[in-house]
Amino acid sequence: MHAQTAIQELSETHTHGPDTEFRVVRASEKDSRPWLRGAPVCGTLAQHRIAHAGVMTARAPYRIVRMHQGGLYFLACLEGEGRVLVDGAWKKCSAGMAVALPPFMVNAFQAVPGKTWRCAWVRYEQQPSQKPILSSSSPLMAPFSGAALWNAIEGLIEEAQRQDAKPAAMFHWVELVQHYIERFAQPWQVDDRLHRIWEKVAANVGHDWTLDELARQAHVSAEHLRRLCRRTLGRTPMHHVTWLRMRKAAELLSTTHLKIETISHEVGYQNPFVFSNTFKKWIGWRPSEHRSRMGA
């Protein structure tokens, strides 16, 4: 099936299947959805806005689609492979890779028939008053060794389900989980040049950015900037500019009642038709469809 056709047919889905195994810890008993009932509770997760975290070994027909995810969703693959909806297309997520999907976007994951997908995940709630973990220079999908994150989540689950669970022990496990997510989401700690550039772009996505201007801002050649971006973000500089524009557009469509033409201009497109086509290519449907699906 063609990728865009598959995306158009997405709907809210939560299918684990009989052969998928998972363990999860949640921040509150208030989250009592059937698949979370009975999971141990660790209130310390809420300090980092984490709704729940878990580990799983997924097998077909495992498939999750969230049409309006309200917070960051992070997933790291340790073994096997699955499929994740990224940049408007289904992409392979295999051992040694991780994906960080921002809020206000569709989240979709599925197992591959005949293959096992061993993953750890962390799901956040987005609070307007708090600084998001994902910055303008955060990768969407990139190499990541998930073993330490898996072990930290397992340790937290083990402690949280004990009758004599120690708050101090759970605190340290949660801090480790948060540390590993931040290590992935903040590559600028390794190369601050990218962080400075993308913070400027994110603050003014409506500007007519060019590769030469970005390279001048970073004090590197255009070719070197390309290499830096491919290594840390998994995409070219101009593709990342487009991604930041589409991410901002998705947020505005989900959280405001601004006209689509106004949003088009806000994110750097004078021609709403070009904006609509670009949005469909990256997100999977047109801006009007995104707004109706998200219930804005």
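**Entry 1: a salt-bridge network**

I started with Arg23, Glu154 and Glu158, which are linked in a network of salt bridges. I note that this is a predicted model. Side chains of opposite charge can pair when their charged atoms come close.

Glu158 bridges to Arg23, with the closest N and O atoms 3.2 Å apart. Glu158 sits in helix α2 and Arg23 in strand β2, so the pair ties together parts that are 135 residues apart in sequence. Glu158 is partly exposed at 41% relative accessible area, and Arg23 is partly exposed at 26%.

**Entry 2: other salt bridges**

I found a count of 10 salt bridges. One of them joins the side chains of Arg162 and Asp164 at 2.9 Å, N to O. Another joins Arg226 and Glu223, whose closest N and O atoms are 2.9 Å apart. Arg226 and Glu223 are 3 residues apart in helix α6, about one helical turn. Arg226 is partly exposed at 34%, and Glu223 is partly exposed at 41%.

**Entry 3: helix α3**

I turned to α3, residues 167-185. Its 19 residues reach 27 Å from first C-alpha to last, close to the 27 Å expected.

Which residues of α3 are buried? I listed Met170, Val174, Val177, Gln178, Tyr180, Ile181, Phe184 and Ala185. They cover an arc of only 155 degrees around the axis, so they lie on the same side of α3. I then asked what these buried residues pack against. Their partners include β3, β5, β9 and α2. The face turned away from the buried side carries exposed Ala168, His172 and Arg183.

Methods: Residues numbered from 1 in each chain as written. Predicted model: local features only at pLDDT ≥ 70, side-chain atom pairs only at ≥ 80, totals over all residues. Heavy atoms only, no water. Helix = DSSP H or I, 4+ residues; strand = E, 2+ residues; numbered from the N terminus. Expected span 1.5 Å × (residues − 1). Buried < 20%, exposed > 50% of the residue type's maximum accessible area, 1.4 Å probe, protein only. Arc of directions from axis to C-beta. Contact = heavy atoms within 4.5 Å. Salt bridge = Lys/Arg side-chain N within 4 Å of Asp/Glu carboxyl O.
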